[in-house]
Amino acid sequence: MRTLRLASLLFLALPAGCGGVQSALVPRGAEATEIDALFWTVTWVSVAVTILVVSFVAIALWGPSRWRNIIADHWVVTVGGIALPVVVLSALLAYGLIVMQVGAARSASADGPGITIVGKRWWWEVIYDRPDGSTVMSANELRLPVGKPVEIRLESDNVIHSFWAPQLGGKLDMIPGRTNVLTLEATEAGISRAQCAEYCGGAHALMSMFVVAMPPEEYEAWLEAEARPASEPSDEAAERGRTLFLENGCGACHTVRGTDAAGVVGPDLTHVGSRRSLAAATLPNDRDAFARWIRDNQHIKPDNLMPPYGNLTDGELTAIAAYLDGLE
Ligand SMILES: [Cu+2]
């Protein structure tokens, strides 16, 4: 009995998973709002059709003979079997086409600076256009100005990935050699999540990122800051961390603008300390997480393309973590 009660409690808890930062049922973007309305329309129409069909079957099986005679007539097939499906499905198709049309119109109005997102194994390179035409390299977090349609160009230089920020819009594949364009318009400030939605190998499930929608003035100020080179270490530990970072070859794969580190294999770390998470939303962003990631990343995110650094001492890890944490 107790197990049964526990099981039903757990079952009840399942829908709670739909309310989170990664739910398409909590729209916070123009396209997601339209998709949400389409989803509920299709859902409720389906519910109505199901109730109708089940009622007819129930009448046919158990209904009083007067009712059964009525529905034994030809009109049931003509109206219920042919006319109704044609009308319902055509109406839903038309609705779907209108939603696509509205989306296309919004894309045409996205004339400001865009953003390129490149799917990597298993993280995201995020390149922002600046108003002056230059670009800013960043990674593993997407920032958007609220109320402005932004052209998002989706690319990949390896396998096929798929970009999906459920609270903001539909998903779209990132295909090597192609640029697929998605237009996102955040309708309110807040934090949601994006997830790679196309299996892309080992660490696919751990390829997420936070999406931060912010008021346009804040977004512009943030982009200004993001374009600046890395800040100088603020104390001795961080200073030592920078030396260790450069000595241990981290710069062969990572760029920290303003230092000799100019690698392009891994995420740009110039402002890594200001991001909400590490390794594509696999870990929180704090000193402890930096140290754990550097020493133990193959356990934390199996198959990822960074080598683990088991050779570093606790003291060295703490220093590197202090340095990276300070890169805000
Ligand atoms: Cu993937």
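This is a predicted model: local features need pLDDT of at least 70, side-chain atom pairs count only at pLDDT 80 or more; totals for chains, interfaces and linings use all residues.
Now select the whole of α6, residues 236-247. The helix has 12 residues. From its first C-alpha to its last, α6 reaches 16 Å, close to the 16 Å expected at 1.5 Å a residue.

Next, pick Ala238, Gly241, Arg242 and Phe245. These residues of α6 are buried. Why do they sit on the same side of α6? They cover an arc of only 100 degrees around the axis, and therefore share that side.

Step just past the end of α6 to Gly249. Here phi is positive, at about 80 degrees.

Zoom out to the domains. Colour domain 1 (25-108), domain 2 (115-227) and domain 3 (236-325), as the domain assignment gives them.

Focus on domain 1 and domain 2. Their centres, taken over C-alpha atoms, are separated by 35 Å. How many residues of domain 1 are in contact with domain 2? There are 11, and they meet 16 residues of domain 2.

Stay on the side of domain 1 that touches domain 2. Select α2 (30-62) and α4 (74-108): these are the elements that give two or more residues to that side. The largest share, 5 residues, comes from α2.

Last, colour that side of domain 1 by class. You will find 5 nonpolar, 3 polar and 3 charged residues.

Key:
Residues are numbered from 1 along each chain as its sequence is written. Helices (H or I, at least four residues) and strands (E, at least two) are DSSP runs, numbered from the N terminus. The expected span of a helix is 1.5 Å times one less than its number of residues. A residue is buried if 20 or more other C-beta atoms lie within 10 Å of its own, exposed if 12 or fewer, and partly exposed in between; C-beta atoms are placed from the backbone. The arc is that of the directions from the helix axis to the C-beta atoms. Domain bounds come from an automatic or database domain assignment. Two residues are in contact if their C-beta atoms, placed from the backbone, lie within 7 Å. Ala, Val, Leu, Ile, Met, Phe, Trp, Tyr, Cys and Pro count as nonpolar, Asp, Glu, Lys and Arg as charged, and the others, Gly among them, as polar.
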